[in-house]
Structures are given as structure tokens and as C-alpha cells.
Amino acid sequence: MATFGYRDNLAPCNWGKLNESWKISDAGKKQSPIDISTSCAEQNASLSSLKYNWQSDADVRLVNNGHSPTWSVTPGKHTLLGGNLQEAYELVQFHIHFSNEQKHGCEHTIDGKSHHAEIHFVHYKKSYGSFGAAVKHGDGLAVVGAFLDVTSDGNEHKLLSSDIEKLTQIETDGSSQTVEIDLKEYQLPTEKYFTYSGSLTTPGCNECVIWIVLDQPVLISQRAYDSMGSMRSCEGGLLAQPGNFRPVQPIHGRTVFSSFDPKQIISFN
Ligand SMILES: [Zn+2]
């Protein structure tokens, strides 16, 4: 099995050539991430609030898998409902994309605007039975993406920032720790988001994702951001150089829907 990465021969532009089963990353028409254009996004009044039925979890496996810091949660404990989801989706893991290029470590962009990092909460449709079965369906996964920006004003998300600071314990590729995460208290925004049909942003890039991209960035401390910067990559060197994000992909006529009037978007920075 070929591996993948973010530089040289393993860089995103080569993923489709690295493995026969990853060809969709070049040939697909519903690839992610994308640049979300607020002037093209369609407001859909039927998009309801997101309902994060997430709990406190004392048995989360925090892993440096060489591609990203990933928190694997206890199975059967956390679900997502609401939005345009017809039934419950179960949280499997969350992970972060970032780079030490402070202005751009995210994957999605809005009107071309970047953020420091982007966190992805990956859920699969419970009725498909397993994550492996779900990725074979266009609506198999629901991924909530939140932009992360660094603040020095003391108004950071305290819980998330302190959870990210634990990344200093898994600096080497392949290292892991068991950590307690109080997901119930994350309290991410529920009302304003964009949604569209897309793919995983890492190989095999399966086109199986209902993307839910939150409009409001979540603020994290400088210390949390610096903790990401110490993580080692499976390619050698730091994950943050050049960063573990895939560039934006062509939209190919897809519609991005918004739960709010996208023309009222607040501009950041
Ligand atoms: Zn991701």
C-alpha cells in the first residue's frame, strides 16, 4: 500500500498516481476541499441547527499517524444530528490540518480567504453499520469542519486549546496517548454553516462526504498553535512544513448551500 504525504513525490498533486485505488483524486468531480464563494452559495431555509450529541470521553486515543494529529473517540458514544442529515451520524475521530505558514493551514477557504488551521470532526452514517461500509456511499460521512485562528486576546476556546496543547506528548510519528476529552463542552456553533457534497481530503479521496463547514472560526491560543508545530511527519521533518493540507479542488458545478444569508457573512482579520 503506497503511503501519501504533502511534499515531493508524495504531494497531493501526485496522489492519483501513487495507487490504483486513489485515481478518483485526479478524475473525480466532487473532490474536497473547495473554495466556498459566498456570492454563489444558495441559502436554504430548511437547513436546521446542528445537534452535537457529544459526550465526555475518558478513553480517547490521541495519535500522531504521520499525516495529522488524530483523536479517535470511544465508539457508539457521540452522534451528530440536524442540519441536512436525515438520520444519526456517529463520531469516529477528529484531526487537524495546519502549517507553520500562519496565514494558510486550512483546507477550505471562503471567498479565497485562509485561516491558520482547520479541524475536522468525522462522522459516519450509523445505519451503514461501519465506517468502512459508509465510505462507499455518497452520504456515508458527515464531516464538520471548523476553521481555527490564533488569538492573543485571551478569548480562545479554552478546552480545545488545552486539548491541542497535549500534542507535545505525541511529537514523533506513530506515537500515541490516551486522553480524556470533554466533547460535551466543546459547544461548537450550530446555526451558521455551509454544506455541500464532497470527498475525503486524504487518499483514497472517496466522494462520500456531506461537508458541513462552520462560518465562524474557533479561536485557539498561541500555545496550542505552537504545539502543532512540533509534530513530526511520516515523511521526516515537521508536519507543519509545508503543512498537511490539500489545496482547493475544482467545484465542477456543485452547489454550496448555506443555513444563513451568506451575504451577511462577517469578515475576519
Ligand atoms: Zn481532514
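**Zinc site.** I started at the metal: the zinc ion is held by H95 (NE2), H97 (NE2) and H120 (ND1), at 2.0 to 2.1 Å. I took donors as N, O and S atoms within 2.8 Å of the metal (3.2 Å for Na, K and Ca), and water is not among the atoms, so the site may look incomplete. This is a predicted model, where local features need pLDDT of at least 70, side-chain atom pairs count only at pLDDT 80 or more, and totals for chains, interfaces and linings use all residues. Residues are numbered from 1 along each chain as its sequence is written, and side-chain values use heavy atoms, leaving out hydrogens and water.

Next I checked the spacing of the donor residues, which reads H-x1-H-x22-H. H97 sits in strand 7 (residues 89-98) and H120 in strand 9 (residues 117-125), so the pair ties together parts 23 residues apart in sequence. Strands here are DSSP runs (E, at least two residues), numbered from the N terminus.

**Burial.** I looked up H97 and found it buried, at 1% relative accessibility. H120 is buried too, with a relative accessible area of 1%. Buried means under 20% relative accessible area (1.4 Å probe, protein chains only).

**L148.** I then listed what L148 touches, skipping neighbours within four places in sequence: among its contacts are I96, H116, I119, L160, I164 and M228. Contact means heavy atoms within 4.5 Å.

**Lining classes.** Last, I sorted the lining of the largest pocket by class and got 8 nonpolar, 12 polar and no charged residues. Ala, Val, Leu, Ile, Met, Phe, Trp, Tyr, Cys and Pro count as nonpolar, Asp, Glu, Lys and Arg as charged, and the others, Gly among them, as polar. A pocket is an open set of points on a 1 Å grid over the protein atoms alone, where a 1.4 Å probe fits, with protein on both sides within 12 Å along at least five of seven lines; lining residues have an atom within 4 Å of a point.

Methods: Helices (H or I, at least four residues) and strands (E, at least two) are DSSP runs, numbered from the N terminus. Buried means under 20% relative accessible area, exposed over 50%, partly exposed in between (1.4 Å probe, protein chains only).
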